[in-house]
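Colleague: Before we go into particulars, could you show me how to read a model of this kind, one feature at a time?

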Amino acid sequence: MVEPGWLLSPPGRPYLASILHKNQRRVFGLLERPALPPALSVPTLTYKLFVSGRSAVGKTALVATLAGTPVPPTHRETLGTEGTPRGWGVLGGTVGAVGCRGIEVSTLFWPAIPLGSERPVLFQLQFWDCGESALRKFEHLLPACREEADAILLVFSFTDRASFAELPARLARVLQPSEDPLRVVVGTRFDLCPRTAVTEADVAALEDSWGLRVLRVGGGCGVGREGVARVAPLLDALVGQLWQRDQMAAGVSPEGRGSPQD
Ligand SMILES: Nc1nc2c(ncn2[C@@H]2O[C@H](COP(=O)(O)OP(=O)(O)O)[C@@H](O)[C@H]2O)c(=O)[nH]1
Ligand SMILES: [Mg+2]
C-alpha cells in the first residue's frame, strides 16, 4: 500500500509539479517521462493494465479521467488508431495514446510513497483499452491485451446491472490459466443518482466473494491540481495494490517494510 494523498502533501510538491504543465496534467509521449532534479530522482516501475468491460460502461472515459485528459462527451466505440494495421510506433492524437487497430495504449505517471518506505516511486501505468466490437472482430487483440498484463481492470457501470452481473464470466474469459494478474474492479457513473441498478449490497457481496475493494469513479476529473486530487484516491489504491503484489511476489511481508530498488 502507499501513503494516501502523499502527492498532494508538501513533501510531494516537486513530484506533483513534474506531472503538471501550466496547471494541466502533462501528456507524456512514448519516450517521455517526468523531469525531476537529480536529487529527487526515483525508481520507475512500469505496469501493463488491461481495461475490460462491456461496451459503453466508461472504459475510455475512465482512462481519460485518470490521465487528466478530456473525457469523450459521447460514447464512440474505441477503435484505436485507424490506418496503422501493422501496429506500434504511431503516436495517436493528443492524448498520449499509442495504438494499433482496435487498441489504445495510454501512459500515465503517478508518483507515490510506499508505506514504510523513505523514498517515493514513480509508477508508470500503461492502460490497454480495447473496444468490445474490435475484440470480437479481431481475434489477435485479446491475447495482445492480456499477454503479460500486471492487472486486469474490470469495469462496470453503476447504472447498468448487466455490466455488473457479467463480471465473473468476463473474468473467466480474459484470465489465462498460466497467468495471475492483479484483479481490480472499477464502478463508473457513481455520480449518477439514484444508483439502483447496482446497489451497495451487490457491491459488498462481490467484495466479499472476490476479496477486494471495488473502486468508484464518476463525474469527470477537473483540471490541474484539483483534478489530481479527485483521482488521487483511485490511483493511490491502484498503485498500492500493484506495489503490494510485487512485494509479496518478491517474498517481502505484505506490510511492505522493504525499500524500493532501482
Ligand atoms: N456521468 C458519467 N458519464 C460517464 C462516466 N463514465 C463514462 N461516461 C459516459 O459514458 C459514455 C460511454 O463512455 P466510454 O468511455 O466511451 O465507454 P467505453 O465503450 O467503455 O469505452 C460517454 O458518453 C462518457 O462520457 C461516469 O462516470 N459518469
Ligand atoms: Mg471505449
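Colleague: Is strand β9 (residues 182–188) mostly covered or mostly open, and how many of its residues are buried?

Modeller: This is a predicted model, in which local features need pLDDT of at least 70 and side-chain atom pairs count only at pLDDT 80 or more, while totals for chains, interfaces and linings use all residues. Residues are numbered from 1 along each chain as its sequence is written, and chains are lettered from A and ligands numbered from 1 in the order in which they are written. A residue is buried if 20 or more other C-beta atoms lie within 10 Å of its own, exposed if 12 or fewer, and partly exposed in between, with C-beta atoms placed from the backbone. Helices (H or I, at least four residues) and strands (E, at least two) are DSSP runs, numbered from the N terminus. On that reading β9 is mostly covered, with five of its seven residues buried, and in the protein chain of 262 residues 35% count as buried.

Colleague: Which strands pair with β9, and in what sense?

Modeller: Two strands pair if DSSP finds at least two bridges between them. Strand β8 (residues 151–157) runs parallel to β9 and is joined to it by seven bridges, whereas β9 and strand β10 (residues 215–216) pair in the parallel sense over two bridges. G187 of β9 shows both pairings, standing opposite F156 and also opposite R216 in β10.

Colleague: Which residues touch the most other members of the largest nonpolar core?

Modeller: In soluble globular proteins, nonpolar side chains tend to be buried together. A nonpolar core is a set of buried Ala, Val, Leu, Ile, Met, Phe, Trp, Tyr and Cys residues joined through C-beta atoms within 7 Å. Here the largest has 56 residues, and L49, V51, A112, F123, W128, L153 and V239 touch the most other members. Among the elements that give two or more residues to this core are β3 (44–52), β8, β9 and α8 (224–249).

Colleague: What is L153 in contact with, beyond its neighbours in sequence?

Modeller: Two residues are in contact if their C-beta atoms, placed from the backbone, lie within 7 Å. Leaving aside neighbours within four places in sequence, L153 is in contact with L49, F50, V51, S52, V184 and V186. Over the protein chain, 70% of the contacts between residues at least 6 apart in sequence join residues at least 24 apart.

Colleague: How many residues surround ligand 1, and which are the closest?

Modeller: The shell is made of residues whose C-beta atom, placed from the backbone, lies within 6 Å of the molecule. Ligand 1 is surrounded by 21 residues, of which G58, K59, T60, A61 and G218 are the closest, and α2 gives the most to this shell, with three residues.

Colleague: Where do E148 and R189 lie, and what is phi in each?

Modeller: Most residues other than glycine have a negative phi. E148, in the loop between α4 and β8, has a positive phi near 55°, and R189, in the loop between β9 and α7 (200–210), has a positive phi near 60°.
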